[in-house]
Amino acid sequence: MRITFPYMGHSHWVFRQLLSELGHEPIVPPRPTKRTLDYGTRYAPEFACIPFKVLLGSYLEAIELGAEAVVTTGGVGPCRAGYYAPLHQRILADLGYDLDFIVLEPPLRNLKDFYRQLRKLFPPRIGIGKLLGILSRAWVKLNAIDYLERLSHQIRPRELEPGRTTKVFEQCLELLGAATTVSEMKAAREEGRRLLAEIPVDREKELLKIGIIGEIYVVLEPFINHNVQILLEEMGVLADRSIYLADWVRGNALIPGEKDIKRAARPYLKELVGGHGLNSIGETVLYARRGFDGVVQLAPFACIPEIVAKSIIPAVSSILDIPVLTLFLDEQTGVAGIKTRLEAFVDLLWQKKRKGAGAQWKQVTLA
Amino acid sequence: MEAGYLGIDVGSVSTNLVVIGPGTEVLASVYIRTQGDPIGAIQRGLKMVAEELGDGIEIKAVGTTGSARHLAGVVVGADLVKNEITAHAVASIHSVPEVKTIFEIGGQDSKIIILRDGIVTDFAMNTVCAAGTGSFLEHQASRLGIPIEKFGELALAAKNPVRIAGRCTVFAESDMIHKQQTGHRVEDIIAGLCEALVRNYLNNVGKGKELLPPYVFQGGVAANTGIRAAFAKFLGFEPIIPQHYKVMGALGVALLVKEEAERRPGFVTAFRGFAASELRYQVGSFECEGCPNRCEVVNLRMEGKNLAYWGDRCGKWSNLS
């Protein structure tokens, strides 16, 4: 089958490999652009959230490339994401595209359904050994991508030549993308590590530490969040993202995880409020405990789980003394408003950090 | 020659310039309309500042702020480009050192800045709605045929302010028209609008924040006595209007760049001089065809030479400058 999937951050490198090893033709949707957004906003309900619109747009772009089926995930709890797949399927059908949707619900909820859905992806007669091999190679690749990305986030705020890390990391992705066996992937990972380590950096530079939390799609997809992590890093901030895909898979699909996050949230919120609402609270608490200077919350405009989290965050923020900036994201493509708020937030955090040293307003940087 | 430090704030509605002297005294201050032409406004502003200053002042450093701060920075040759939230806070602390809450209402945006002990601890900006901004007030004033300068005076003459929906400009406007058509006096409608604007601003931008006095109210809308009165009514305290309330962004960035320049021994400004008001700047834009993003790239030229590009997502053009 010619199968497409949601475009989210760097994950397409893994899905591409997984699907082709399973004997399908992966149709990688183009990286989201204004065109994707145009498609999405034209055919999605006006009140739908931005991840829904971008995904719809990218399915349409994948259809242009010949996609016949979509593999995607479902969701649990009071969040619209659980209805994404059936709604996307109906909208596409109304437009005249009859696509098969393979929806993977969290396996720990209903193992049988998960298996039934997954079975559609497997070739009819496949040995368990061969299958495990395919899955483990995808897992190794996913972890290698996350490893190198994490490394790039350590280096970028200290880079001496602006933009260098971003270029080298693109190179790392190409290397990993081309690797097909586990040993090639390990070699690519090592080569990537070496390339990143060679970037000239300022080791003495004093950095702020900011955690990035929020709804998974807007956190992971730079097109929607205007590359907020890189913007912060280029302002001299060590920006840590709460969600990496490998961790998310581990905590939500393989073993019941994220217990520490839920435990951390408990004094403020005990209920699952859908989406990543509970995580946003728990992660803010954890970042405060780890001594971070601040937190940036990313939320799709009108996302209920994140609105619930946002209304609880002022209490967390004042009790644990950690400033939080919330950015609601929608279809705006202008980045100026986001930059203004991030810059002001960074100023605020420097002031707070240096208050003890009595150095007010000394952190201004020359343009 | 006495030293002067120039701050330029290019906002959506107004462009403000301030020059301060070695003792932070304001030597010149200009407030003009941007009128959709930021470069033209900067050049007009520079000319007016030069006239106001006369001879005997040498500009030692220049800072820019406001939504067109990067453009302004390239045009004049700025030493510091700073976001308007920080610039406004600096000017406010300078004018009223004990300030705990700043209300700033400008043309397209409105913000609340919370301070404790002279340190910014929290801020918020309107994100999705223009209901609490100067542009909306102006639009309504012109619809009613009232000069914006008379707006506040009329609001104060109201006997029974009517209730206007303030959540959304569309709701507010239809509510206003409805009340006007049923025969309410224009003063009462205007006063009702002032109250709706302040109510919406405090509930929306100020949501979840501890708003403690002293309050400083600044930005172009602070000139409006009707809005001032509505703030006093809701908060139970008169907000303080600083002397230079209209040009606080420019003042703030002038203060910041002065401090920065004085801290660096041997500092030399990048300022192109007041002659920049005579230079020929040209902006052009084109759609980049490098990828389906089709970014609208802006190109700034000075006297026929390429100065800068911006507007691209990937850095292909902006890295050239």
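**Notes on a predicted two-chain model**

1. Start with one pair of residues in chain B. Leu300(B) stands opposite Ala308(B), which belongs to strand 12 of chain B. This is a predicted model, and the points below should be read that way.

2. The strands around that pair come next. Strand 11 of chain B covers residues 296-302. Five bridges join strand 11 to strand 12 of chain B, and the two run antiparallel. They belong to an open sheet of three strands, in the order 10-11-12, with antiparallel pairing. Strand 10 (281-287) and strand 12 (305-310) of chain B stand at the edges, each with a single partner strand, so one side of each has no neighbour in the sheet. On average, neighbouring strands here are turned by 25 degrees against each other, direction ignored.

3. Chain A has a sheet to set beside it. That open sheet has four strands in the order 6-5-7-8, with parallel pairing. Which strands stand at its edges? They are strand 6 and strand 8 (324-329) of chain A. Each has a single partner strand, so one side of each is left without a neighbour in the sheet. Neighbouring strands of this sheet are turned by 25 degrees against each other on average, direction ignored. As background, strands of a sheet pair through backbone hydrogen bonds, either parallel or antiparallel.

4. Look inside the chain A sheet. Strand 5 (residues 208-214) and strand 7 of chain A run parallel and are joined by five bridges. Gly214(A) stands opposite Leu298(A), a residue of strand 7 of chain A.

5. Two helices of chain A pack on this sheet. Helix 15 (residues 304-320) of chain A touches strand 5, strand 7 and strand 8 of chain A. The direction of helix 15 makes about 165 degrees with that of strand 7 of chain A. Helix 16 of chain A touches strand 5, strand 6, strand 7 and strand 8 of chain A. The direction of helix 16 makes about 170 degrees with that of strand 8 of chain A.

6. Now the nonpolar cores. The largest has 99 residues. Which of its members touch the most other members? They are Leu121(A), Leu232(A), Leu298(A) and Leu342(A). Leu298(A) is also the residue opposite Gly214(A). Setting aside residues up to four places away in sequence, Leu121(A) touches Ile3(A), Leu19(A), Leu22(A), His24(A), Val71(A) and Ile102(A). A second, separate core has 36 residues, including Ala124(B), Ala141(B), Ala172(B) and Ile189(B). In soluble globular proteins, nonpolar side chains tend to be buried together.

7. Glu233(A) is found in helix 11 (residues 228-234) of chain A. Its relative accessibility is 1%, so Glu233(A) counts as buried. Leaving aside neighbours within four places in sequence, Glu233(A) is in contact with His153(A), Arg156(A), Pro157(A) and Ala239(A).

8. Arg290(A) lies in the loop between helix 14 (277-289) and strand 7 (294-300) of chain A, and Asp240(A) in strand 6 (residues 237-241) of chain A, so the pair ties together parts that are 50 residues apart in sequence. Asp240(A) is partly exposed, with a relative accessible area of 23%.

9. Another salt bridge links the chains. The side chains of Lys82(B) and Asp347(A) meet at 3.0 Å, N to O. The pair crosses from the loop between strand 5 (80-81) and helix 3 (84-95) of chain B to helix 16 (residues 336-354) of chain A.

10. Glu195(B) pairs with Lys233(B), the closest N and O atoms being 2.7 Å apart. Glu195(B) lies in helix 7 (residues 186-204) and Lys233(B) in helix 8 (residues 225-235) of chain B, so the pair ties together parts that are 38 residues apart in sequence. Glu195(B) counts as buried at 16% relative accessibility, whereas Lys233(B) counts as exposed at 57%. In chain A, salt bridges that share partners join Arg35(A), Glu61(A) and Glu64(A) into one network.

11. Last, the cysteines. The count of disulfides over all chains is zero. Cys194(B) is buried, with a relative accessible area of 1%. Cys288(B) is buried at 12%.

Technical notes: Residues numbered from 1 in each chain as written. Chains lettered and ligands numbered in written order. Predicted model: local features only at pLDDT ≥ 70, side-chain atom pairs only at ≥ 80, totals over all residues. Heavy atoms only, no water. Disulfide = S-S within 2.5 Å. Buried < 20%, exposed > 50% of the residue type's maximum accessible area, 1.4 Å probe, protein only. Salt bridge = Lys/Arg side-chain N within 4 Å of Asp/Glu carboxyl O. Core = buried A, V, L, I, M, F, W, Y, C linked by side-chain atoms within 4.5 Å. Contact = heavy atoms within 4.5 Å. Pairing = 2+ DSSP bridges. Axes fitted to C-alpha atoms, helices over the stretch in contact; angles between N-to-C directions.
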